[in-house]
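Please walk me through this structure in plain steps.

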Amino acid sequence: MSVAVERNPPVRLPNEPSITPEIVAEHGLSPDEYQRVLAIMGRTPTMVELGIFSAMWSEHCSYKSSKIWLKKLPTTAPWVIQGPGENAGVIDIGDGQAAIFKMESHNHPSYIEPYQGAATGVGGILRDVFTMGARPIANLNALRFGDPKHPKTRHLVSGVVAGIGGYGNCMGIPTVGGETNFHPAYNGNILVNAMTVGIAPTNRIFYAAAAGVGNPLVYVGSKTGRDGIHGATMSSAEFNEDSESKRPTVQVGDPFVEKLLLEACLELMATDAIVAIQDMGAAGLTSSSFEMAAKGGLGVVVELDKVPMRETGMNPYELMLSESQERMLIVLKPGREELARRIFEKWELDFAVIGRLTDTERMVLSWHGEIVGNIPIPPLVTEAPVYERPWTLTPLPAVLDAAAVPAPKDWRASLLALMSCPDLASKAWIWNQYDHLIMGNTAIRPQDGDAALVRVPPDGSHIGHKGLAVTSDCTPRYVQAHPETGGRQAVAEAWRNITAVGARPLAVTDNMNFGNPQKPEIMGQFAGAIMGMAEACKVLDFPVVSGNVSLYNETEGRPILPTPTIGAVGVIDDIAKAVGSRLTQSGLGIVLIGQTTGWLGQSLYLREACGREEGAPPPVDLVVERRNGNFVRAQIAAGQIKACHDLSDGGLLVALAEMCIAGSTGVEIAMPAGQTAPPHAFLYGEDQGRYLVAAGSPDEILDAAAAAGVPAMLLGYSGGPSLTVKGVLSLELRDIKAAHEAWLPAYMNATD
Amino acid sequence: MKAAVLVFPGSNREVDVAQAIELVTARKPVMVWHGDGDFEKTDLIVVPGGFSYGDYLRCGAMAAQSPVMAEVKRRATQGVPVLAICNGFQIVTEAGLLPGTLMRNAHLKFVCRDVHLKVESSQSLFTNRYQQGQVLRIPVAHAEGNYFADADTLKRIEDRGQVAFRYCAPDGTVDGTGNPNGSLANIAGVFNESKTVMGLMPHPENAIESMFGGCDGKPLFEGLVEALS
């Protein structure tokens with residue numbers, strides 16, 4: 001195919017409809033955006049060209065509403081190898097190894113078809129990570145469901161959990177952590193955020209930028225079917241009563257094929273055959289081929305009739321927009337086709353040379369010898385719409401006076417109620433369906449620590465001393481009340497959770513889940529959350545290296561709680577020094593680190609015990625956060641701490657109860673002298689920057705804290721079968737444990 | 001001891017068991033691809049866990065028909081020991097090397113957690129480092145581990161002492177409370193008649209280091225080394 005031919009206008013296929021304003025609107029393009037299309041093309045586009053613009057300029061692929069805000073996030077640090085813009089972020093964890101990770105949402109598909117939606121969410125994020133050359137070593141997921149009483153919730157929990165397990169278990173990647181919350185704001189729009197962390201040698205990381213005019217473009221993996229067409233456009237629109245009819249836009253996953261694809265890709269990556277590689281995720285062949293060419297400043301010719309097809313009668317439009325799963329696009333070095341073909345055929349996967357790179361900076365699509373699409377690549381990027389949408393910041397609500405919040409009438413009942421409320425109840429029913437032990441590297445299992453901890457296997461051998469701590473965090477009710485504080489808190493809590501196991505927090509991935517950005521108050525939530533996150537990331541040296549934005553999370557005009565989920569990674573050089581949160585020894589001093597004022601605004605106690613969601617969320621002093629965390633980490637490294645738990649939802653008493661029941665050891669503490677907050681504010685308040693630590697020599701910790709200017713107080717000692725706060729309550733651990741563990745299984749097994 | 005670990009498309013715990021063997025023997029096992037019906041002679045063959053062929057059709061059914069399994073059957077009848085774990089257990093029952101079958105878990109869900117196992121017999125290549133009646137803590141991770149055999153078969157394997165492990169409570173009581181999947185007679189692992197083939201659903205290869213799930217699986221591999229070196 002000569003360059004002259006490539007510049008020819010494409011032919012319109014038989015049966016191809018004329019482009020009408022209705023067809024443009026169905027493709028999610030505004031009239032203004034369509035005018036840009038016409039200006040770039042200089043003519044009316046063909047259907048396949050229109051489809052490509054639609055996908056590339058969807059909110060999902062273009063970040064057109066969020067881009068200007070995302071730029072405010074810090075993305076660099078000496079240990080950052082690759083920040084946002086690639087398939088995943090890459091950080092240096094020492095010894096020639098890199099951690100590669102990202103979190104991504106699959107919210108809309110999971111609501112429409114929970115099993116496949118969640119499963120393909122896991123499949124997609126795994127591909128994002130192994131396409132860069134990493135072997136995935138840990139999965140996490142952050143889930144938000146609606147009110148447990150809502151008629152769809154049980155079905156959604158059941159399907160999402162089964163889907164995540166079904167995919168991750170078959171892939172053989174341990175699912176080690178995450179979080180699950182419930183709130184009526186998610187009734188019509190659940191959140192499924194999946195994160196994968198992988199490991200690669202720093203000198204063997206693979207990128208998407210194509211290079212080398214004439215190099216072959218290779219398609220590998222599964223065949224292309226008609227599933228998921230317009231998935232990216234669908235997930236960039238609000239839900240309404242017709243959303244059920246969008247089920248056919250949800251992709252269907254096959255983890256077995258992805259496992260083969262993983263092994264085949266890693267085998268090929270061990271050779272020198274690859275120039276560039278990109279997975280086919282949202283917008284499939286369109287975005288993958290487009291991004292590879294755009295990043296390399298090149299053009300590409302794709303012979304669409306060469307694409308392996310699952311169904312007969314498929315047309316170029318369907319092939320370019322299908323979101324069939326388990327597919328990759330690779331640019332090979334010349335002459336390496338046979339080597340690569342042998343590897344993929346060994347793994348019984350499809351392999352097809354479907355095109356080549358050109359120097360035209362155009363994407364040319366051919367179909368049985370005829371040109372059916374011909375788009376200039378740079379303008380699609382440079383002329384892409386970017387919106388500075390109007391935004392209104394959420395004002396800071398009035399601070400709630402703790403004295404105005406009633407104390408529990410029955411202390412024991414209040415703790416049992418909190419420990420068994422949907423947000424705090426044990427999620428073992430969920431993570432017992434995830435293989436969290438495969439690979440044999442899981443040192444801290446779900447619920448045994450604030451972050452999960454996995455050993456980093458050096459070059460696949462068994463003996464290693466380094467561990468990666470991973471967590472995901474967000475407190476949406478804080479973000480709703482005041483997005484800046486909530487954004488700051490989400491980052492701070494992730495940092496704290498990494499710290500609480502003894503690891504050094506290194507970097508984060510952010511998964512921004514918000515409502516309709518065309519509403520100023522929603523855009524204001526986004527802006528506020530970004531401002532808070534940016535500040536926290538900066539002060540805590542905790543850059544954002546990858547992320548994902550999911551907007552239009554609304555149903556019938558009702559938005560979700562703003563939910564900027566933070567996935568975080570930290571490293572500990574000697575995994576044997578890490579600590580979990582289980583209290584397993586008697587006679588340990590229980591020391592509270594950090595300042596307690598008794599902050600009840602937006603607390604779980606206020607919501608669960610008083611039925612109120614009000615007040616300002618607890619403020620986050622980032623300098624104090626860092627000081628307290630660095631102190632705790634140093635004490636863990638010095639071997640002073642046997643167990644450590646950060647204080648978050650439910651405050652001190654809930655954290656203490658969790659430590660006790662996890663390790664089957666009781667405690668007896670006393671309200672400290674000189675404490676001015678009322679007992680329920682002291683015990684259930686959610687002041688930030690705090691930890692509970694259990695230590696054999698608590699005096700040494702108190703001395704060190706005093707020297708470091710860190711507030712610390714000895715509350716009591718571990719031992720016995722009960723949790724006792726002198727003069728307030730005493731509860732047997734088995735009663736707390738029973739309440740904590742009963743709620744979710746009972747809820748899921750109920751038949752009402 | 002020289003061991004071979006089979007690898008099917010979809011195997012995913014082959015690395016775990018290979019590392020366990022290497023940790024105990026200081027020697028890497030040979031990894032054998034499913035299409036290889038003529039692999040080198042070894043003292044032990046391990047059929048690992050995973051989702052061979054995606055668990056499509058029926059767990060283990062397709063792998064049981066592979067070239068490598070034809071050779072494993074031949075060698076097993078000659079007395080070469082075979083250790084089959086999880087999906088491997090499903091494969092060898094499909095291949096007819098062990099009695100019974102593994103059905104969908106009674107609660108219909110995948111289950112991953114530590115279970116307690118009671119050692120039923122220490123008189124085997126696989127269990128000689130354990131005491132009869134000893135209680136082990138080892139994880140399971142499966143959706144189809146519900147052991148079943150017809151009444152005649154069950155009677156025969158019970159009479160002949162072919163039950164290797166049973167699920168139990170932490171104190172060793174075998175009353176169904178520790179049974180994670182509904183297995184008949186709480187059976188977690190069985191031998192063939194000559195006790196040269198053992199299949200079990202739990203993962204001893206994920207219980208060989210104190211920081212990573214405990215060490216209760218390690219004696220199984222140590223016992224094999226002693227018996228086969």
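In this predicted model, Ala657(A), Cys660(A) and Ile661(A) of H23(A) meet Leu733(A), Ile736(A), Lys737(A) and His740(A) of H26(A). Contact here means that two C-beta atoms, placed from the backbone, lie within 7 Å. Helices are DSSP runs of H or I with at least four residues, strands are runs of E with at least two, and both are numbered from the N terminus. The residues of this helix contact divide into 5 nonpolar, 1 polar and 1 charged. Nonpolar covers Ala, Val, Leu, Ile, Met, Phe, Trp, Tyr, Cys and Pro; charged covers Asp, Glu, Lys and Arg; the others, Gly among them, are polar.

How do the axes of the two helices cross? Helix H23 (residues 651–663) and helix H26 (residues 733–749), both of chain A, have axes that come within 10 Å and cross at roughly 100°. The axes are lines fitted to C-alpha atoms over the stretch in contact, and angles run from 0 to 180 degrees between N-to-C directions. H23(A) and H26(A) are therefore roughly perpendicular, a label for 65 to 115 degrees.

Now turn to Leu262(A), in helix H11 of chain A. Leu262(A) counts as buried because it has 25 C-beta neighbours inside 10 Å; the cut-off is 20 or more. Leaving aside residues up to four places away in sequence, Leu262(A) touches Phe130(A) and Met171(A).

Finally, the chains. The contact takes 24 residues from chain A and 23 from chain B. On chain A, helix H9 (153–171), helix H11 (255–269) and strand S14 (442–444) each give two or more residues.

Residues are numbered from 1 along each chain as its sequence is written, and chains are lettered from A and ligands numbered from 1 in the order written. In this predicted model, local features need pLDDT of at least 70 and side-chain atom pairs count only at pLDDT 80 or more, while totals for chains, interfaces and linings use all residues.

Methods: Parallel < 35°, antiparallel > 145°, perpendicular 65-115°, else oblique. Buried ≥ 20, exposed ≤ 12 C-beta atoms within 10 Å, placed from the backbone.
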